[in-house]
Structures are given as C-alpha cells and as structure tokens.
Amino acid sequence: MCGRYASSRGPEDLAGIFEIGKWDPEEALEPDFNVAPTKEVYAVLDRPVKDAEDPRPVRQLRRLKWGLIPSWSKTPEGGARMINARAETVHEKPSYRRAFASRRCIVPADGYYEWVTGSAERDLEVEGKKKRPRKQPYFVLPADGSVFAMAGLYEFWRDKTLPDDHPRAWWVTCSVITTEAETSPLAVAPKEGPRSLADIHPRMPLMLTPDRWDAWLDPSRTDVEEVRSLLAPPPEGLMRAYPVSTAVSSVRNNGPELVHELEAPEEGTLF
C-alpha cells in the first residue's frame, strides 16, 4: 500500500522533470517529508486549460487533496479511506473506473514509507501478549535518486451546499494506484533486514518509468484494456530500501531527518 510518502522537490524542479506547461506559483507547496492522507499534494496531469482558446491538453502541475472522492458521492466523507486503488481492480470499481478511463495523473515523490513488524514483536503477538507491535519503518526509493512517479487518478467533486462562486465549491482529489510488491532482490538492500520489497509489505505504489508517462497522462487514451497494459510493473532492480527513525510514525513529525538512513533497525524493531 501507500499510506505515507516524502515529497521535497519544488515546482521548478518538477516542471523540468515532467515538462510542465502550466503551474500556478500560488499553489506551491513546502517540502513535506511526512505526506499523509487528506494532505494537499502535487499531481501531474494533462488537461485543457480552463477558458483557453486552444482545446488541446496541457501538462499541468496541480495541487490536489490525497483521498479520492467520487464525483457521484453525496458527501466528502470517506475520501481519507480512498488513498489507494488496486491495479488489479481499478478499472472495474465504481469509485475509480471513470477516472481510470480519462483522469489519470502522476503523483511525484522522493519515495514512500512502509512498516515492518519486528520478529520479536510478532512472537509476542503469536503468544497472545497484550503488547502493541513496534514496527520498523523503511524508506523505499529509486536507487538512482530519480523521482518516484506514482501512478494515480484524480476526480472532481462538487459541494452542492456551497454557491458556484465559492472557492471551496469544487474539490479535486486523487488516489495512488498500488500493485503487488516486487519479490526480486533490491538494487541496494540494507545491511540487515528485508532483501526485497515483498519482505517489507505485500503491496507497493505502482511506479511509472518515464517511457510510460505520456501514454498514462493522455486523456484521449480511453480504451480500458490499452490503459491496463500500462499498469505492468516496472523493470526489476530499480529500488532500494533502508530503515529510518520511528519518528516518521507520527504525522506530527516532519523534516529531512525522517529520511535519514539508519545503520540498523532501531532497538526492539529488528526484522
């Protein structure tokens, strides 16, 4: 799954990476090393510019809310639970299938966090001891330091309790698509602990390599089976993972120290 990630690149950097044609400086976000559900996040999408004479799509960097609200939903409740869409079923689920057909985006990240329950804590669980498992967080990122381009969907939702000219009348929300975690060896593995992403968690965000960006973002590409072919996992051996401080487990904590690599898992959270 993807429940927390880091995003430190600024709009100028992202504009160069994704060849952005339009972005609003007023929508700039501060670097965030602990992005959590319901936060506002960057998303890359291809869409015509509102009120422009040229109807052709323009690549835009937009600020969206993480947690998709279907257009037909009566209330925004539930968006926080819809942060992830499964690649295997996204094309058929009522909440996602319309967006999958023509409202696809890329959610750029430095990498994402995932938690592993230490073996000692798992033993306590098996024994029925009433001790809350202490999980070791890992930071997962491209081994070459490039952007982690997560496949995503976005949707528009109209708050009918507000007038048309109200700035909050329209919500634009997004979800990250996940797939089965890789079982192949990590490009760079920690000195001790997991040797593959599947050792950390059975799911992972679907990373799109640059050769798929244009096709994924193209809103005119609406054939479901054709789009589904873009959900194939990326080549193996692109990722690395390393242990980070358990401070990231609290959404109150933020800062570059959260992605600092530990030499070994924290005491009491051994893999």
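Predicted model: local features only at pLDDT ≥ 70, side-chain atom pairs only at ≥ 80, totals over all residues.
Residues are numbered from 1 along each chain as its sequence is written, and side-chain values use heavy atoms, with hydrogens and water left out.

Visitor: What volume does the largest pocket have?
Guide: On a 1 Å grid over the protein atoms alone, a pocket is an open set of points with protein on both sides within 12 Å along at least five of seven lines. Points are joined across faces, edges and corners, and a volume is the space filled by probe spheres set on them. For the largest pocket, this volume is about 760 Å³.

Visitor: Which strand supplies the largest share of the lining of the largest pocket?
Guide: Lining residues have an atom within 4 Å of a point, and strands are DSSP runs of E with at least two residues, numbered from the N terminus. Strand 2 (22-23), strand 4 (40-47), strand 5 (58-66) and strand 11 (170-180) each supply at least two lining residues. The largest share, six residues, comes from strand 5.

Visitor: What volume does the largest cavity have?
Guide: A cavity is a set of grid points where a 1.4 Å probe fits but cannot get out. The structure holds one cavity of 30 Å³ or more, and the residues that line the largest cavity include Pro70, Trp72, Tyr96 and Glu155. The volume of the largest cavity is about 40 Å³.

Methods: Helix = DSSP H or I, 4+ residues; strand = E, 2+ residues; numbered from the N terminus.
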